[in-house]
There are 2 protein chains.
Amino acid sequence: MDDRGSKFKEFPFVSIPQKKLMLDLVSTLEKRFESDLLPSTLPSNVQYYQNPTSTAQASLHIRPAHAHSPIDFILGSWVHSDLPTGGSLDITSLSGYLNSSNDAPNFVFEMIRSSPTMLVLILDLPPRKDLVLWPDDLKTFYEDTQLDKHRKALETLPEVQPYFSSSLYIRTVASPTAIMVRIQTENDGGERMEEIIRDHLDPISKQVLSIWLDHCACAKREVGEEERAYLKKRDSIIRNKTIEIDLGSSFPRLFGSEVANRVLEVIKEYFSV
Amino acid sequence: MDDRGSKFKEFPFVSIPQKKLMLDLVSTLEKRFESDLLPSTLPSNVQYYQNPTSTAQASLHIRPAHAHSPIDFILGSWVHSDLPTGGSLDITSLSGYLNSSNDAPNFVFEMIRSSPTMLVLILDLPPRKDLVLWPDDLKTFYEDTQLDKHRKALETLPEVQPYFSSSLYIRTVASPTAIMVRIQTENDGGERMEEIIRDHLDPISKQVLSIWLDHCACAKREVGEEERAYLKKRDSIIRNKTIEIDLGSSFPRLFGSEVANRVLEVIKEYFSV
C-alpha cells in the first residue's frame, strides 16, 4: 500500500457510510492488484489542492501499474466545494482503466452529493468496444455476469430515479447496464440517505466492483494487433473527451484556471494511451 | 401512394388518436419520398396474416426505394393479439432504414399497448456508427438537432417513466436521446391515455420524424468506400439481431411457426444488406 495516498483516503467531508464505502472499494481494488500497482508519484500539490480562497479543495490519487499488468492505472478522487447558496458539493470517485492487452470494460464509480438529501450515483463498467459490432462481449461481460440485476434492485427504491446526464457524450460511453441514478430523500437531514448508502449503494457497488475484478480486469483475453490498435484509438478518444467535457469544464470553475491547469496537465499524462 | 398497403393503413384495433398518429406518420414519410419509393410487392398472405385460431392478426407494409435513394426501405406493421387474461396486445410500428450511401441514423417508432391504461413507446434515431468514435456525428445528429428536448418534455408527465428493455441488445443499439418510456395511466378506461397520445405523443413523434427527414434521410453526406463497408457490416449485424431477438422470438409465439416463418423469410430479404 502506498501511504503517500493518505490525504486521498481521509475523505474528510463525507458521511461515515460513504467514507466506509469509498475506503472499502479502494482497499479491495488495491489489495487485488497489490503486486501490479506502482506507488503514486503525484507531486504533493496535485495529491492535494485547493482554490485561492479555500472554498474548494480536493485530493487526487493515481497509481499506474507495471507494463505487464492488465491494469493501466487506477484513479481516485474527492472534491469538496462550498456552495454559494450555503451547503456543499462533494464528489467522490474511483475508476479502473485497463490497457490495450485486455479488451474488457473499465470500472467507473462516482457519487455526486449536492445536499444531505440529494445524491447522484454513476456505477458502470463502460465498454471499450462497440457492443453492436461485438455482441459476444455484450453476452460475456453484461448478460452472463447478470449486471443488470443490481440496477433493477436499486430501481425498486421509491427514492431512486434514473439520471440522464446533460452530456450526451457521457450517456454514449455508458454501458447498457449502467447505473445512473438520482436519489432524493425526504427532508430529514440526510438520515434516510445514509441508510440507503449503507444498505443499498454499499453492497451493490461492491458487487459491481467484484464483477469487474473477476470477469474483466482478470479475464484472460486474446487481443490481436488490429484489435489493440482499435482499443488504443477508442480509449484515447474517450479519455480526451473525459478531460474536455467532465474535468475541463468543472475544474477551472471550482479551482481557478492556474490550479486546474496544473492538475489537468498531470492527469493528461496518465490519460495518454 | 401504393394502395396495396391499404390493409396496413386500416389500423383496425387501435384508438382514434393512435390511428391518426400512425396514418399521419406513414403519409408524411411516403409523401416526402414519393418519387423514391417503389410499390409494395409483398405477397398478400404477408401483407395480412393471422394465426390458425384467428386470435392474433397482423399486417405488414414494406416499400423499398430505388437504387439511388438514400432510403433503403420503409417498414410499417400492426399486430393485434387477444391475451389469455382477456384484453389484447396491440403493437404499431414504423421504421425507416437508410442505405450505405448515407451514414445518418435510421428512424424507429413503436407503440406497444398491452391495456387501455398501459403503453410503451420507443421513438429513436438509432445511430449507424459508433458515436464514441464519431463524436462529430453525435453533435450533428443529436446535439445540434436538440433531439433531447422531446425526451425531456415527455419526462415531465407524471404518468411517464423511463422504460428499460429486458434485451440488453435493444438498449445497446439505442441512441443517447432515445425515447423509451412506459406510460401508465389511472383506471379510467383509457381516457387519459388517449389524451396523452393526442396532446403529447402525437406532436413529439411528428417532430422527431421531421428531424429525421430533414437532418438525416435528406442530409448530404460524403461516405467513402471504407466507411460504406463499415456501415454495411454494422447495419447487417443490427438487422440480423433485430430478427433474432425481436421478431424471431415473438412471431412464432403469436402466429405459430408456419405463419411466422413465411413472414420472417420475406422480411429477411429486405433486411439483407
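The same surface serves both copies, for 100% of the contact residues of chain A recur in chain B; contact means heavy atoms within 4.5 Å.

Some conventions apply throughout. Residues are numbered from 1 along each chain as its sequence is written, and chains are lettered from A and ligands numbered from 1 in the order in which they are written. Because the model is predicted, local features need pLDDT of at least 70 and side-chain atom pairs count only at pLDDT 80 or more, while totals for chains, interfaces and linings use all residues; side-chain values use heavy atoms, with hydrogens and water left out.

The sheet of chain A comes next. Eight strands form an open sheet in chain A, in the order β1-β2-β3-β4-β5-β6-β8-β7, with antiparallel pairing. Strands (E, at least two residues) and helices (H or I, at least four residues) are DSSP runs, numbered from the N terminus, and two strands pair if DSSP finds at least two bridges between them. In general, strands of a sheet pair through backbone hydrogen bonds, either parallel or antiparallel. At the edges of the sheet in chain A stand β1 (48-50) and β7 (160-162); each has a single partner strand, so one side of each is left without a neighbour in the sheet. From one strand to the next, the twist averages 15°. Three bridges join β7(A) to β8 (residues 179-184) of chain A in the antiparallel sense. Pro162(A) has Val181(A) as its bridge partner in β8(A).

Which strands of chain A does helix α1 lie across? Helix α1 (residues 16-32) of chain A lies across β2 (56-64), β3 (71-82), β4 (88-98) and β5 (107-115), running at about 15° to β4(A). Here axes are lines fitted to C-alpha atoms, for helices over the stretch in contact, and angles run from 0 to 180 degrees between N-to-C directions. Helix α4 (residues 148-155) of chain A also packs on the sheet, where it touches β6 (118-124), β7 and β8, and its direction makes about 15° with that of β8(A).

Helix α4(A) has a helical neighbour as well. The axes of α4(A) and helix α6 (residues 191-217) of chain A come within 10 Å and cross at roughly 170°. The two helices α4(A) and α6(A) are therefore roughly antiparallel to each other, a description used for angles over 145 degrees, whereas those under 35 count as roughly parallel, 65 to 115 as roughly perpendicular and the rest as oblique. From α4(A), His150(A), Ala153(A) and Leu154(A) meet residues of α6(A) including His200(A), Leu201(A) and Ile204(A).

In chain B, strands β6 (residues 118-124) and β8 (residues 179-184) run antiparallel and are joined by six bridges. Met180(B) in β8(B) is the bridge partner of Ile122(B).

Finally, helix α7 (residues 225-271) of chain B has 47 residues, yet its end C-alpha atoms are only 21 Å apart, short of the 69 Å that a straight helix would reach at 1.5 Å a residue. That expected span is 1.5 Å times one less than the number of residues. Where does α7(B) bend? It bends by about 125° at Gly256(B), the bend being the angle between axes fitted to the seven residues ending there and the seven starting there.
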